[in-house]
Amino acid sequence: MDFHALTTRAHQAAGKTIAGIGTDDWGRSTPCAEWAVRDVVKHLIDNNEHRAAQASGRPRKTRPTADADLVRSYEESSAEFLAAFDSQALEKTFDFGTFGPLPGKNALAVLFVDNLVHDWDLDAALGREHRWDDELATAALRVASRYPDVMPVRGPGGAFDHAVEAPPGAGSGARLIALLGRSIPPIPRR
């Protein structure tokens with residue numbers, strides 16, 4: 001799988017979602033326990049900045065994270081992240097906290113899943129129906145199915161919760177969300 005191409009598409013999708021966040025939406029609750037919309041976006045920016053610095057070997061850039069700056073900061077950090085993950089970065093080993101040391105390709109795969117799932121989290125928080133790109137969801141489901149079901153990866157306080165049952169006949173996106181411990185909420189009408 002070409003995780004750079006998949007990650008680029010996941011970043012583009014999340015960028016569109018983030019660009020559509022209204023001024024009054026930053027404080028909305030998300031499916032990520034204790035995180036509001038702004039916190040999810042700040043997490044994505046932080047991942048982009050931190051991993052771009054690791055991949056490139058350059059000092060980490062930090063961007064403004066006031067609500068008014070989050071769209072621009074995501075766009076800039078995403079572009080920097082994608083540029084940093086070149087073929088040399090894929091050969092490096094990354095200290096990946098919860099997941100331990102990971103080869104660059106595996107680190108990029110985990111970041112791809114994280115970005116894709118948080119895009120869904122944002123749509124769920126905003127009461128929007130999420131339109132899954134089936135190729136991205138299927139690839140992410142393959143990656144996430146290899147995540148161990150032990151702390152600190154899964155469980156309360158872990159990176160993800162334990163899997164929940166997906167709805168009958170669920171597509172790849174809904175199965176991915178369920179695998180990572182998120183229940184699919186009904187979409188509130190706005």
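**A close look at helix H2**

Reply: Happy to! Helix H2 covers residues 37-56, so to speak a run of 20 residues, and it reaches 29 Å from its first C-alpha to its last, close to the 28 Å expected at 1.5 Å a residue. Please keep in mind that this is a predicted model. Just after H2, glycine 57 takes a positive phi of about 80 degrees.

Now look at which parts of the helix are hidden. Val37, Val40, Val41, Leu44 and Ile45 are among the buried residues of H2, and the buried set also includes Asn47, Asn48, Glu49 and Arg51. The cover over these buried residues includes helix H1 (3-19), helix H3 (70-84), helix H4 (87-90), strand E1 (93-95) and helix H5 (104-125).

In soluble globular proteins, nonpolar side chains tend to be buried together. Here, the largest nonpolar core has 36 residues, and H2 is one of the helices that each supply at least two residues of this core. H5 gives the most to this core, with 11 residues. A second, separate core of 15 residues includes Val41, along with Trp26, Tyr74 and Ala125.

H2 also takes part in a pocket. The largest pocket has a volume of about 630 Å³, and 25 residues line it, with Trp35, Asp114, Gly158, Ala159 and Phe160 the closest to its centre. The elements that give two or more residues to this lining are H2 and H5, and H5 gives the most, with four. By type, the lining residues divide into 12 nonpolar, eight polar and five charged.

Methods: Residues numbered from 1 in each chain as written. Predicted model: local features only at pLDDT ≥ 70, side-chain atom pairs only at ≥ 80, totals over all residues. Heavy atoms only, no water. Expected span 1.5 Å × (residues − 1). Buried < 20%, exposed > 50% of the residue type's maximum accessible area, 1.4 Å probe, protein only. Contact = heavy atoms within 4.5 Å. 1 Å grid on protein atoms, 1.4 Å probe; cavity = no way out; pocket = protein on both sides within 12 Å on 5 of 7 lines; lining within 4 Å. Points joined across faces, edges and corners; volume = space filled by probe spheres on them. Nonpolar A, V, L, I, M, F, W, Y, C, P; charged D, E, K, R; others polar. Core = buried A, V, L, I, M, F, W, Y, C linked by side-chain atoms within 4.5 Å.
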